[in-house]
Amino acid sequence: MAEVDPYPPFQQYAHPERLVSAPWLSARLGVKGLRVIEVDEDSLLYDIGHIPTATRINFRTELLSSLTRDFINGEEFTRLMREKGIHEDDTVVLYGDKSNWWAAYALWVFTLFGHKDVRLLDGGRDAWMSEERDTSFMVPEFPESEYPEVTRDDSVLRAFVSDVREATGSLVDTRPPEEFAGEATEFDPNGNSPYGTTMCHGHIPGAINLEWDRATYPNSCFRNVDDLKVNYGMLEPDTPTILYSHVGAQAAFTWFVLTYLLGFKKAQVYDGSWSEWGNMVNMPIEK
């Protein structure tokens, strides 16, 4: 397990051990026991340059089940870790495009499977590239590991439709306001999500809209803790909080913010999100 990044701004967060800065990572690339993983929405970005020593995980083909609307199971996760050469006690640093949406989603999945030390690169791919740090085209190869067999625990960090319908705490929609309102967006005048067609538009009754990007600066790095406390001040850290987006990535990103930066104890991700709710028959919807 690698040492914690001592970067002073991180020390204000509830769990600074879950973040690393670009200088910290740059100085440790290639160190035994430290694995860097790129997880992008656009998986082809890895091919045009990535952080040296980084391995790619394609969330669509490697983290999601090909048969069900679910994640891979414990046996498949174990096999993936072994194939990637990741060990149980490795420090895994995740980063990606879209301000780390899918990297945060992958971190949430790693946490469901109980990997002990998994961290996020502050600013992700966007910040690394904008700072013109070293990149590589080489795809590293690692010997197969002996990662132990694991099981996935959905009971604490994950919410399902039944949980949302019975929720008594806070329900947070992390999508842009246009999607929350059920309006057409500038990206698609027909009102369809860029992630695919959803039959109905709007939001889950009782949800409040806290768009994911209130957590970041324009350079994709996380805001300081005082800003975050203001921007999420309408939520109570000890109140059960369920987060959703369109397919779960923005929700997982916000889950990371609430859980590891602000210290929320009961935040969950409804990863079925609007792609499920907006396509189910006889579900209540507000605009």
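Predicted model: local features only at pLDDT ≥ 70, side-chain atom pairs only at ≥ 80, totals over all residues.
Thr174 sits in the loop that links β6 (170-173) to α7 (177-181). Its relative accessible area is 0%, so Thr174 is buried. The C-alpha atom of Thr174 lies 9.2 Å from that of Phe253, although the two residues are 79 positions apart along the chain.

Phe253 belongs to the set of α9 residues that contact α4. Helix α9 spans residues 249-261. It contains 13 residues and extends 17 Å from its first C-alpha to its last. This is close to the 18 Å expected at 1.5 Å a residue. All of α9 is buried, 13 of 13 residues, so the helix is largely enclosed by the rest of the structure. Just after α9, Gly263 adopts a positive phi of about 80°.

Helix α4 (residues 101-112) packs against α9, with the two axes coming within 7 Å. The axes cross at roughly 65°. Because angles of 65 to 115 degrees count as roughly perpendicular, α4 is roughly perpendicular to α9. The crossing is left-handed. On the α4 side, the contact is made by Trp101, Trp102, Ala104, Tyr105, Leu107, Trp108 and Thr111. On the α9 side, Ala249, Gln250, Ala252, Phe253, Trp255, Phe256 and Tyr260 take part. The residues of this contact comprise 12 nonpolar and two polar, with no charged residue.

Asn100 is one of them, with a value of about 80°. Asn100 lies in the loop between β4 (91-95) and α4. With 1% relative accessibility, Asn100 counts as buried, the cut-off being under 20%. Ser220 is the other, and its phi is likewise positive at about 80°. Ser220 is located in the loop between β7 (208-209) and α8 (225-231). Its relative accessible area is 7%, so Ser220 is buried as well.

Terms used: Residues numbered from 1 in each chain as written. Heavy atoms only, no water. Axes fitted to C-alpha atoms, helices over the stretch in contact; angles between N-to-C directions. Helix = DSSP H or I, 4+ residues; strand = E, 2+ residues; numbered from the N terminus. Parallel < 35°, antiparallel > 145°, perpendicular 65-115°, else oblique. Left-handed = near helix turned anticlockwise from the far one by under 90°. Contact = heavy atoms within 4.5 Å. Nonpolar A, V, L, I, M, F, W, Y, C, P; charged D, E, K, R; others polar. Expected span 1.5 Å × (residues − 1). Buried < 20%, exposed > 50% of the residue type's maximum accessible area, 1.4 Å probe, protein only.
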